[in-house]
Amino acid sequence: MITINGTTWVAEPIADGMERLWRVDEVIHSEITPFQTLDFARTAHGITLFANGERQSSEQTQQVYHEALTIPPVLLADRVERCLVIGSSEGVACQMLVACGASRVDHVDIDEQAVKLCASRLPYGYTEKELAAAEGDEGPIHVHYEDGYAFVEAAVAAGRTWDVIIVDLPDETDDGQAQHDRLYSSTFLGLCARALSPGGVISTQAGCPTMWRQTTLRRSWHNFIAAFPTVVYFGSAAHEWAFISGRRDTVDRPHAVMGKRLRTLPYRPVSIDVRTLDAALVPPLEIRGKYPKAWRRRPFGGPSPRS
């Protein structure tokens, strides 16, 4: 956090040479855990969580974000009975999966302190009572304070599988030095594929489609295309993030399958309907590899590249 003329701000890095300033109206709590620095603050978006200076979720937009993360893989999967969530300290994704019909959700987070702080400081996600129940294996959600990579490795060795796997972590770093970057690798993606039940789906927060922030999204897209015959992109028009889902088998017309499933889903999204799917499931041209480098140099009025 920084102070300018008596006002506190969070300077959030969003790209090389670019920052976004968040005015902090109240600092609720700041703490350094063994894995990250967490700041809970009141901003124009309500109570907001920052991790290492980056906005992770806010009272105003968290439902939109978590629907974009959770609903597409739920619509693509054959079943939503057993689910795995890695990261997502707030617990919203786990609760949303239960609302969608899951009978068991394993929630794996390496940072126990972060999960407990979210439950005590955020007005969304787990309450402290709900978290205690999940820690005690009381109810459909089961919390595991472990490294996600090691947890999935052990599950594969033991033959455990899930219908939906969601990986919800801070954005991958460009230099690959953050501890969570391992969970964006093609190796971990392949490991998760082996932990899927037949007809199962893995989904991940994959980065930002904005032109000057596409590096990690492009990497995730190519990793999914290489690993899965069915890959579905979801770009949230109400948020700035994109999400990618993959299935190990081929699904004919996945968009139609998802639209049909949406109509009967027990959970009713506030930000996704069938028309949203029509618009959100098409990746940008550049992500699909059909956006020529010459495009940026093409004079206005010149010939357009073929799509």
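Ala157 and Ala158 are exposed on the other side of helix 5, away from its buried residues, which are Gly148, Tyr149, Phe151, Val152, Ala155 and Val156; buried means under 20% relative accessible area, exposed over 50% and partly exposed in between, with a 1.4 Å probe and protein chains only. The model is predicted, so that local features need pLDDT of at least 70 and side-chain atom pairs count only at pLDDT 80 or more, while totals for chains, interfaces and linings use all residues. Residues are numbered from 1 along each chain as its sequence is written, and side-chain values use heavy atoms, with hydrogens and water left out.

**Helix 5**

Helix 5 comprises residues 148-158, helices being DSSP runs of H or I with at least four residues and strands runs of E with at least two, numbered from the N terminus. Glycine 159 follows helix 5 and has a positive phi, near 80°.

**Two buried residues**

Alanine 195 is found in the loop between helix 6 and strand 12, and serine 203 has its place in strand 12 (residues 196-207). Alanine 195 is buried, with a relative accessible area of 0%, and serine 203 counts as buried at 0% relative accessibility. Leaving aside neighbours within four places in sequence, alanine 195 is in contact with Val152, Val156, Arg160, Thr161, Trp162 and Ile165. Serine 203, not counting residues up to four places away in sequence, touches Leu69, Pro73, Ile165, Ile166, Val167, Ile244 and Ser245.

| Pair | Apart in sequence | C-alpha to C-alpha |
|---|---|---|
| Alanine 195 and valine 156 | 39 residues | 5.6 Å |
| Serine 203 and valine 85 | 118 residues | 9.7 Å |

**Helix 1 and helix 2**

Helix 1 (residues 62-76) and helix 2 (residues 92-99) pack at an angle of about 50°, with their axes 10 Å apart. That makes helix 1 oblique to helix 2, since angles under 35 degrees count as roughly parallel, over 145 as roughly antiparallel, 65 to 115 as roughly perpendicular and the rest as oblique. In helix 1, Gln62, Gln63, His66, Glu67, Leu69, Thr70, Ile71 and Val74 meet Val92, Ala93, Met96 and Leu97 in helix 2. The residues of this contact divide into seven nonpolar, four polar and one charged, where Ala, Val, Leu, Ile, Met, Phe, Trp, Tyr, Cys and Pro count as nonpolar, Asp, Glu, Lys and Arg as charged, and the others, Gly among them, as polar.

Note on methods. Axes fitted to C-alpha atoms, helices over the stretch in contact; angles between N-to-C directions. Contact = heavy atoms within 4.5 Å.
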